[in-house]
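Hi,

Here is the structure I promised to pass on.

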Amino acid sequence: MASQDTDEKISESAVSTTITNIAGKGVKPAPTPALLSICKSLVAGGVAGGVSRTAVAPLERLKILLQVQNRHSIKYNGTIQGLKYIWKTEGFRGMFKGNGTNCARIVPNSAVKFFSYEQASKGILWLHQRQTGNEEAQLTPLLRLGAGACAGIIAMSATYPMDLVRGRLTVQTEGSPRQYRGMFHALSTVFREEGPRALYKGWLPSVIGVIPYVGLNFSVYESLKDWLIRSKPLGIAQDSELSVTTRLACGAAAGTVGQTVAYPLDVIRRRMQMVGWKDASSVVAGEGKSKAEYTGMVDAFKKTVQYEGFGALYKGLVPNSVKVVPSIAIAFVTYEMVKDILGVEMRISD
């Protein structure tokens with residue numbers, strides 16, 4: 001499931017249009033948080049994204065390699081086999097190839113996503129309370145899903161070009177015919193040789209995938225937290241607070257649900273990002289053998305299933321499943337812990 005603007009107006013755009021329209025009808029908009037609180041919220045989201053991605057970087061790279069691996073030149077299939085192959089052929093640095101670009105992308109992405117979710121949640125809750133006439137009304141799981149999906153689409157769209165070049169940097173090896181020297185060189189090369197639209201290849205399946213992936217992540221996580229606090233099963237919640245371990249479990253459950261539903265769209269997105277790449281990595285080009293080309297999302301789905309079977313839509317699912325549980329859990333918990341350290345009263349479930 002999401003390439004870089006950390007501007008506050010991007011984060012606020014999730015609800016600004018709706019609030020403006022309502023304000024135009026004589027209804028006062030919801031109060032805006034203080035600038036300092038906004039900045040602290042952005043920092044917390046950025047730290048959470050950077051820490052979580054770095055922790056699982058080898059599995060992230062293996063997942064992408066499996067997703068785009070040419071069917072005529074398969075070097076490995078399993079998670080352990082793949083990690084051993086990367087270590088043997090590229091060493092320790094190979095395990096973390098593309099992680100620098102990934103962190104450069106994910107830090108503003110996570111910051112915008114988390115912050116947008118809080119702003120969207122506040123705006124939606126304010127509207128919901130006004131429409132129902134109940135000042136005590138709380139967000140329903142459906143409304144949380146909408147806020148999460150809105151935040152994910154904003155963040156993903158703002159950072160998508162970096163995600164595209166991150167994918168290409170991740171799959172290139174020392175033996176690739178031509179090397180991108182880094183993130184900015186890759187961005188300029190794609191822009192110059194393939195045009196500005198190429199920077200958004202695979203954007204449509206990404207947007208579609210954001211809705212179940214990010215939306216369910218936030219919705220399941222917060223619904224689980226609220227349920228545990230209300231019901232207090234086995235004495236898990238003490239004084240309306242959950243332990244770090246319990247929050248990790250909630251994050252793991254949320255990540256598992258979201259990634260399973262959206263995974264085929266992620267595979268298609270990665271394959272579309274490789275289309276048009278001159279002198280592509282041998283992982284994609286298949287060492288001189290035929291390289292897959294797609295005209296669009298539907299064509300990519302059709303050809304993938306036709307030539308490789310339905311199971312190809314889940315290539316890399318195992319390392320992704322191993323990766324996504326600690327990654328999402330660490331991101332959520334780190335986010336709230338950093339916000340506590342920074343002294344921000346506003347939390348995800350506020």
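Lys-63 sits in helix 3 (residues 57-68); helices here are DSSP runs of H or I with at least four residues, numbered from the N terminus. Before going on: this is a predicted model, where local features need pLDDT of at least 70, side-chain atom pairs count only at pLDDT 80 or more, and totals for chains, interfaces and linings use all residues. Residues are numbered from 1 along each chain as its sequence is written, and side-chain values use heavy atoms, with hydrogens and water left out.

Back to Lys-63: its relative accessible area is 5%, so this residue is buried (under 20%; exposed is over 50%, partly exposed in between; 1.4 Å probe, protein chains only). Leaving aside neighbours within four places in sequence, its contacts (heavy atoms within 4.5 Å) include Tyr-263 and Asp-266.

Now the rings. Phe, Tyr and Trp rings (for Trp, the six-membered one) pair if their centres lie within 6.5 Å; planes under 30 degrees apart are stacked, over 60 edge-to-face, and the rest tilted. That gives seven aromatic pairs. One of them is Phe-92 with Phe-96, tilted at 45° with 5.2 Å between centres. Phe-92 is exposed at 54%, while Phe-96 is partly exposed at 28%.

Tyr-263 and Tyr-314 are stacked, because their planes are at 20° and their centres 6.2 Å apart. This pair links distant parts of the chain, 51 residues apart: Tyr-263 is in helix 9 (residues 244-273), and Tyr-314 is in the loop between helix 11 (297-308) and helix 12 (317-342). Tyr-263 is buried at 2%, whereas Tyr-314 is partly exposed at 30%.

Cheers

Conventions:
Helices (H or I, at least four residues) and strands (E, at least two) are DSSP runs, numbered from the N terminus.
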